[in-house]
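Trainee: I would like to go through this model residue by residue and then as a whole. Please show it first.

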Amino acid sequence: MKVCSPNTRICAMCFHWNGYAGGANVKPRKGMRNVYEYQPEEKQICYKNHFEKKAWNSCNEWQRKY
Ligand code: SF4
């Protein structure tokens, strides 16, 4: 697991990654504000461009989700 802030511009923190469900391994880190955990190799479909993207990928259509 890696950690990041919710305004990090990666797919794991993006509104479009796997639609409303989001990443299966994305969750807030217990006891810490504004820190999220994610599994960098998790793959999900981006609902914006319909490609499969890894959690650490990014693009210029990123929108904050959390
Ligand atoms: S590819 Fe872009 S729009 Fe799609 S989930 Fe990743 S950052 Fe968001």
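Trainee: Is His50 buried, partly exposed or exposed?

Mentor: This is a predicted model, in which local features need pLDDT of at least 70, side-chain atom pairs count only at pLDDT 80 or more, and totals for chains, interfaces and linings use all residues. Residues are numbered from 1 along each chain as its sequence is written. A residue is buried if 20 or more other C-beta atoms, placed from the backbone, lie within 10 Å of its own, exposed if 12 or fewer, and partly exposed in between. His50 has 9 C-beta neighbours inside 10 Å, so His50 counts as exposed.

Trainee: Where does His50 lie, and what is its phi?

Mentor: His50 lies in the loop between E4 and E5; strands (E, at least two residues) and helices (H or I, at least four) are DSSP runs numbered from the N terminus. Most residues other than glycine have a negative phi. His50 is a residue other than glycine with a positive phi, near 65°.

Trainee: Which loop holds Asn34, and what is the phi of Asn34?

Mentor: Asn34 is found in the loop between E2 and E3. With 11 C-beta neighbours inside 10 Å, Asn34 counts as exposed. Its phi is positive, in a residue other than glycine, and is near 60°.

Trainee: In what order do the three strands of the open sheet stand?

Mentor: Strands of a sheet pair through backbone hydrogen bonds, either parallel or antiparallel. Two strands count as paired if DSSP finds at least two bridges between them. Here the pairing is antiparallel, and the order is E1-E3-E2. The edge strands, each pairing on one side only, are E1 (2–4) and E2 (27–28).

Trainee: Which residue in E3 stands opposite Cys4?

Mentor: E1 and E3 (residues 36–38) pair in the antiparallel sense over three bridges. In E3, the residue opposite Cys4 is Tyr36.

Trainee: Which residues make up the largest nonpolar core?

Mentor: A nonpolar core is a set of buried Ala, Val, Leu, Ile, Met, Phe, Trp, Tyr and Cys residues joined through C-beta atoms within 7 Å. The largest one has ten residues: Cys4, Cys11, Ala12, Met13, Cys14, Trp17, Val26, Tyr36, Tyr38 and Ala55.

Trainee: Which residues does Tyr38 touch, apart from those up to four places away in sequence?

Mentor: Two residues are in contact if their C-beta atoms, placed from the backbone, lie within 7 Å. Tyr38 belongs to the largest nonpolar core. Its contacts are Lys2, Cys4, Ala12, Gly23, Asn25, Val26 and Ala55.

Trainee: Which residues come nearest to the ligand?

Mentor: A residue is near a molecule if its C-beta atom, placed from the backbone, lies within 6 Å of it. There are 13 residues around the ligand, and those that come nearest are Cys11, Cys14, Trp17, Cys46 and Cys59.

Trainee: How do the residues of the shell around the ligand divide?

Mentor: Ala, Val, Leu, Ile, Met, Phe, Trp, Tyr, Cys and Pro count as nonpolar, Asp, Glu, Lys and Arg as charged, and the others, Gly among them, as polar. The shell divides into six nonpolar, four polar and three charged residues.

Trainee: With which residues is Trp62 in contact, leaving aside neighbours within four places in sequence?

Mentor: Trp62 is in the segment after E5 (52–54). With 19 C-beta neighbours inside 10 Å, Trp62 counts as partly exposed. The C-alpha atoms of Trp62 and His16 are 7.7 Å apart, although the two are 46 residues apart in sequence. The contacts of Trp62 are Arg9 and Cys14.

Trainee: How far apart in space are Pro40 and Lys54, C-alpha to C-alpha?

Mentor: Pro40 is in the loop between E3 and E4 (43–45). Pro40 touches Lys2, Lys54, Ala55 and Trp56, not counting residues up to four places away in sequence. Pro40 and Lys54 are 14 residues apart in sequence, and their C-alpha distance is 6.7 Å.

Trainee: What radius of gyration does the protein chain have?

Mentor: The radius is taken over C-alpha atoms, and the globule rule is 2.2 Å times the number of residues to the power 0.38. With 66 residues, a compact globule would have a value near 11 Å; the protein chain agrees, at 11 Å.
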